[in-house]
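Biologist: I'm new to reading structures. Could we walk through this one together, one question at a time?

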Amino acid sequence: MRTNSHIRKRSIGQTLLIIGWLVLFVSGCRGIRVEEVSTVSKSDWRQDGGNYSRDRTTSAVLPLPLKLDWRYNAAGAFGAGSPLFFGNTLLVGTRRGDMYAINIEKGRKKGSKRFAEAIEGALVTDGDIVFIPAALGKYNLMAYNLRTGKHLWRNKGIPFETGLVIAADVIVGTDISGKVTAVDRFTGVELWSFELPDLESTYSAPLLLPSGDIVITGEHGSLIRLDAQDGQLIWQTSIPTPIRVSPAIADESLIVSGARGVLFSIDLATGKSIWESRMGSAEVRLASPAASGGKIYLGTSEGKLFEIEASSGVINWNFNGPDVFAAPPLVTDTHIFIGSMGRVLYAFNRETSILDWEFKLDGRIKSAMAARNGELFVLAEPRHVYKFIPAQRGQQNAD
Amino acid sequence: MQGGISFALMIPGTCRTRSRGNHQRFAACGGWFLPVMYSNRYRKTMQRLARQMTALCLCLLYVSAQHGVRQVASAQTGYHFGYNKIQYEDFDWSLMQTEHFDIYYYPEMLELAEKGAFFAEEAYSELQNKFNFSLNHRVPLIFYSSNLHFKQTNLTPGFIPDNIGGFFEFMKGRVVIPANGNLHRFRRVVRHEMVHVFMYNKVNRVMSDHRRPRGRMLPLWFTEGIAEYWSGRPDHQHEMVMRDALYTNQFVPMDGLFRIYGTFVMYKEGEAICRFIAETYGEEKLLQIIDDSWISPSFDQVLSKTMQEPFPVISKRFDVWLKSQYYPELSDIQIPSIVAGGLSTKGFNAKPAFFQKSNGERHVYFVGNHGGFSNVFKIQIDESYRPMGDAEVVVRGGRNPEFEAFHLFESRLSISNDGQLAFVTQSGGKDVIHVFDLESDTKTATYRFKNLIAVYSPTWSPDGSKIAFASIGDAGYSDLYIYHIEDQQLQRLMADPYDDRDPSWSPDGGQIAFISDRSSFGKGGSYNVFTYGTADGTIRYVTHGERVDFAPSWSPDGDWLIFSSSIPDSTGRFSAQDIWVTDMSYEMGVRPALASSSNSIPGDVVNSAPAWRSLRRITQVAAGTFDPIWTTDNRIVFTSIEALRFSIRQLPNADSLVSTPRFEEFTDLTFAESGNWTYGTIKLGEGAHEGEFKRKFRLDIAQGAISQSPVLGTTGGVVLAFSDIMGNDRIFLTLFNTGQLQGRFLKDLSMQLSRVQLHKRANISYGIYRYAGIRYDLSDPDAPIGLPRFYETNYGGFGGVSYPISKFRRVEFVTTLNWSRKQIQTAEIDREALLLSNAVSLVHDNSLYWINGPIAGWRARGMVAYTTDVLYSNVSYYSLLGDIRFYTRITQAITWASRFMVGFNQGREARLWVMGGSWDIRGVGLFDVRGKKIWFTSQELRFPLVPAPAIHAPILEVFGISYLGGAIFADVAHAWNTGYSHRQPEIYAGETIGALGAGLRLNLFGAFVLRWDIGYRYRESFRFYDKTFSQFFFGYNF
C-alpha cells in the first residue's frame, strides 16, 4: 500500500529528475552576454591585430620579464588571427566553432557559445555587435549582439576562412571560393561582390585603408584594391608567388609575404612594385609581417626572424631559431614578441636585436598575439589562451 | 612474431590463435600488436591495426573473464603454429643523439649511422619548410645495415619482405630503416619516412585543432604519394611502373585507387598525382590539402574544397595530364609480348640463365613464383626457342631452412661452362651461395661467409674455379668479392662506400663487368657499367653519365656487353628500361677502323686516341627489361615487365639487332673521373653526442573492457602493454574482476603480470598471476557437464622458452607452478592442489597462407606434458597431443586440406579435450564434444567462388567484402573417457560422430572470415543419420 512518504519520495525523485533534465537542456543553450562591450577604449582591440592595417604594432608597454598570469582552456584551437579584447573581456573564436568570452582579470569564462563547426578567421566587433566568419557550418557569416545575447542576423553561403573588415556600415570578407562580399552590417544583406580571377581562393584577411578602401590578396598572387562601399576596382596587380598569409601596411606601402621566400613591397596608391627581397629559398614560407617605425619584422619557416628596412627591403639583422615561425610578430616600442612552433615565446630588443626574454609554453604558437599595457595575450596549441603580465607587478603589489 | 605467439599459452584464457605465414595475426596476445605503417603489400593503415588491437584486447579480457587460467599442460585449442621470426644477431645497440633525433645503431655500422644522421637532419630542415611545422618531440630512428638484419626487428611483429625500404610506426613514432648498400637510396628512404613522421604529426594536429577524431588518416595513396614526391625526383622505377600501367590499360583513375590499395602501382600513381597537383594547382596546395583534411572524412571532398573544383574535374585533369606525357610515345614503342617470344609468362619470372646440356637439351633457368612459393625453375626450349612444356621446379624455396628465401629482384643466377648453377638464398641469418649440378640435378655445395650478411648475383669464372659476387657486410656497404673454391679463400675486390653490384665474368676471364655508383653522377643515384681487371685490379669505365645501368652480361665471344639501362631526357624524366649493348672488342683509346660513318665524330682521326665508347640501344620497350643475356644461339633472353607481370622472353638474331640499333650514342670517357663524392655526415662528438641506451618501458596500449554474459554476469578489466624502444622486451599487466557483489571485489580480483623477452634467439617469458572467481571451464573433469561453472582460486607463476630451430620449426618448453583451490558446490568438491606442469612441444609450420587460411605446405604440433599436485597428490596426469595438417595444392586456386589430431590425457583429474563447432567437428555445438582422449580428422576441399567481388560490384568494397570461397568437408571424431565405447551422449563421448557438408567463407577487410556450413551430422560411426545442420560462425580455415 502506498504511503504518503512513498508518494513524497517519489515526487522528490521526479522533481530532481526534471530539474536534472532542465539543467542539461539549458546548458546546451549557452549564450554570451557582455555588458561592457558597449564601453569603448583606445586600448581595445576590436579587430585582429588591433587595427585594419594589420601592422601588428602596439603602443602597449610590456616591461620584461613577463610571467604567466593565467592559462585558459578554450576547448578548441585557434585560427591565424589575434584575440580581441575590450574592458575586462577577451574574445576569441576557436576551430571548434565556439566563441569564448574570458574574464581578463581572473582568466575564467564569462560565456561561450557554439556558432559554427569551425571558426578560422578572426572575429571583429563594432559597438555591441561581434561579426563571426564561419569556416564550416550552417551559416557562413553571423552578427551577434554581445549585450543582448541575441543574433542580429545570420547568412548562409560559402564559408569564410579569413577575417573581416568593417568599413563604416559595410562588412567585407572573402570566402573560400575567392568571392569578395560586402554586406550591410545591420541587416546582413549583400551590397556588392567581386570575384577573384581564375578560381583563386584567399588565405589572408582583408586590410582596410584610412581612405576606406580595402585590399584583398589571392592565393595565386593577386593584389586588388577596392572601394569598400561600392566594390569599385581601384587597381589590380599580382606578384609571381602565391600569397598564403595576411599582408601589412607600412606607411604608404603594402608589405606582402610571398609563399616562396620572397617579400614584396607594393605601392598602395598605384599597385606598383617598390621592391622585392629574398628571405630564403623557394621552399621557405614567410609568415605575416609586422611593420613599425619604418622597419618590417618577419618570421619564416626556416626559423629565422628578420628586421628589414621598409623603404628598401634591406635586411638589417636576423635571428636563427630552431623552429618554424608561422605567426606574425607583435611589435611594441621596445621589443618584438614572436612565438614559434617550438612552443617558445621570444622577446627581442628592437634596438640591440638581442634576445631579452623567452618563455616555453605547452604548445606551438601559430596565431597572432594581442597586447595592451602590462598584458600580453597569446594563443597556443593545443587550445589555450595565455595571459602574461610583467613579473614585477605582483611584487610591487606585495610591496 | 613467433615469440609472442608461443607465449599466448601463458596468458590466461587465450583465444585460439592463428598465424598467417608471412603476415602474422593474433587472436589474442596481450595487445602488443603494434600499429605500423607497413604491410606485406607495403603498408597498413593505423586504423585497421588499431581496430585489431582493440579487438585483441577486448578478446583477451573477455576470454580471461570467461575461462580463467588454463593449466598450461592441457592447453588444447589454444595452441598455435606460425613461422618463427628469429633473432640471429645479438645487436649491441648504441644511441647517438642529434638535434632532433635519437638514432639507434650498432657499432659495426657507425659510419653509416653518421651518414643517416646527416640525412635525417637534412630532411628535417627541408620538411620543416614544406610542412610549415615543427615537431615538438625527438624522433627515434633505428638503423640496420642490411635488409637481412632489418628483417629481424621486433618493432613490427610481421615478416618483412625483401623490398620494404623502411617503415614508420605510430605507437611510439619510431622510424626503422635498413641501408642496403646504396647511399643515395638510403638517403631517399630516410627522407621518405621523415615525410611520414611530419605528415602523421601534422594531420593529428589538424584533427585535434578541430576536435575531429585523431584516428582519421588520409588515404594511403596520398600519404605514400607525397612521401615519394617529397623524397626526391621521380626515378626510373616510377617511370617504368607508370608507363606500364598506362600502356597496358592497368592505369586506375583517381576515383578507383582503392582497387590497387597497398600495391607498388598505388605508390607510384600517388606520386604522380602529387606531382600533378603541384604542377597544375601549385606546390602549396599539397600542404593545403593536409590543412583542409579535417573538413570531411571523404578525401574527394577535401580535394574538391582545396582545389576549388569538383572531384571529377580534378580526376579528369589528372588523366589528361598523365596521358599527355606518355601517349605521344605510343607509336614508337615495342610491346614485349608482340616482339619477343615468351618462354615463361605465368606468375612472376626473373633472372634468366641459359644452359645447353651435354645431350643437347636447351634450358632456360630462372627464379620465379608461380603459386606462392619462390623456386628456381627451368624451362626446356627447342632450337627456335619455343617452350617445350611448362616450367619445372628445380629448387624449391620458402619451405625449408636450406632455401629459405630468394632475393627475386636482386640476385642473378650463373651457370658455369660445365653446368654448375650458382644461386643465392637466405639460409638462417645470412645469405649463402648454393651450387647445383644441372646434369645430375643435385646440389653439390653451399658456401657461407662468416662476415658477409647479404650476397647477390654470383658469377662463375670461365674455368669454374672461382665465383665472384656482390655482398653487403656488417658495415652496410656493397662490394665485390671473389671466392676461390679450391683454396676456400675469400678475396675482397674493393672496400669503399660505393655500391658495386651485378658482376659478370668475361669469357676470357680477364675482366669482371659490374655496375657501380662510383662515377661523379653516382651521388644522384646513377649507376654506370665498369670493368674490373682480374690481373691488375684496375677499374675502368664502360659507360659514363647520368643514367641507370643494370645487369651487364657478356656475349659468348666476349666482344660485347649487354645490359639494361634507363636514361633521363632533358626534362629529367627517365626513359623505359631498354636493352643496350656496347662493343668491348677494342681497347679504350683506339677507334675502330670501321666505325659507322653516320656516327662518325667530326674531325676524328683513326689514329687519335679519344676515350670514347659506342652505346647502342637495341630495344624500345613500353616499360622495362631486366637482366638480358646473350646465348650461344645468338639470341637474347631477358625479363620483361608488361601489364605488371614479369615474364622471360627472347629475341632472335642478336647480332642483327646489334648491328642495326634503334639508337646509338657515344660516351666520351676522356674526362670521366672517379666520383670521389660523398654525402655529409654528423659525427659523434661533432654534431651528435652519445646517449645512454637504456631499456625504458613505455606504455603501448591501455585498454579496458566490460562484458556481460548470462553465465558469468558482468565482468570487466583492463590490459596494459608496455615495451622498450626496440620492441624486444614486453610487459603485460592484466586486471579483471568477475565479482558480482561489492564485498567480493577484492576476492574475485584477478591479475597477471608477464614479461616476454625477444632479443635473443630463444624467446623467454615468465610471469606471475592470481586468478579468482567464477570460472566457466568445459575442460575441467569435475565440472558439471551441463553448466561447467565453478569457483576457483589460483596463485602461481610460469616460465617458458621458445627456441626456433629454423624459420619453420621450433621447440617450446613451458612450466607452471600454481596453487589451486577449486570449489564445485553441486559436486561437493573443494579441492586444493599445488600444481606443477611441464610441457614440451615441437612445432613445424611451412604452410603458405592465403586470404582465408593455409593453401599449401604442412604444419604440425606434438606435445608431451605432465601435471602433478606436489603437495596433496590430488592431481597427476600426463598429456599427449599430435596435430598434423597437410595442404595439397590441386590447382592454383583449389586446395585439399587434411587434418589429423590425437589428444590423450591420462591420470588423476586429467582434463578433457574440447572440440565441436565450426572450427573443427562441424554439425555439433561449440565445444560440445569432450573427452580425456580424442581423435579427430577433417578433410576439406577449398575453392574460390568469387575471388574479387569488388571488381564486379564496387559497392562491396565499402563493406570490405574481399573474397568469397567455398568448401566441401568431411569431419570425423571420437572422444572418450572411461572406455572407448562408454557412451556419454551429452558430450558425444564414446561414439564416433561425423559431419559431411559444404560451406561458404566470406572474407571481410582481408582480416575477418565469416563461415557458414550446412550438412548432415552422423552418429555411431556413420551408422545413422542424425540431423541436418546449419552453422554460422567466424574464423580462419584450419
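Predicted model: local features only at pLDDT ≥ 70, side-chain atom pairs only at ≥ 80, totals over all residues.

Biologist: Which element gives the largest share of the side of domain 1 of chain B that touches domain 2 of chain B?

Modeller: In that contact, domain 1 of chain B supplies 16 residues and domain 2 of chain B supplies 13 residues. On the domain 1 side, the elements giving two or more residues are α3 (110-131) and α5 (183-209) of chain B. The largest share is 10 residues, and the element they come from is α5(B).

Biologist: How are α6(B) and α8(B) oriented to each other, and why?

Modeller: Helix α6 (residues 220-229) and helix α8 (residues 264-281) of chain B pack with their axes 7 Å apart, at an angle of about 70°. Angles of 65 to 115 degrees count as roughly perpendicular. So α6(B) and α8(B) are, to each other, roughly perpendicular.

Biologist: And where chain A touches chain B, how many residues on the side of chain A are nonpolar?

Modeller: The contact takes 25 residues from chain A and 17 residues from chain B. By class, the chain A side has nine charged and five polar residues, and the nonpolar ones number 11.

Technical notes:
Residues numbered from 1 in each chain as written. Chains lettered and ligands numbered in written order. Contact = placed C-beta atoms within 7 Å. Nonpolar A, V, L, I, M, F, W, Y, C, P; charged D, E, K, R; others polar. Helix = DSSP H or I, 4+ residues; strand = E, 2+ residues; numbered from the N terminus. Axes fitted to C-alpha atoms, helices over the stretch in contact; angles between N-to-C directions. Parallel < 35°, antiparallel > 145°, perpendicular 65-115°, else oblique.
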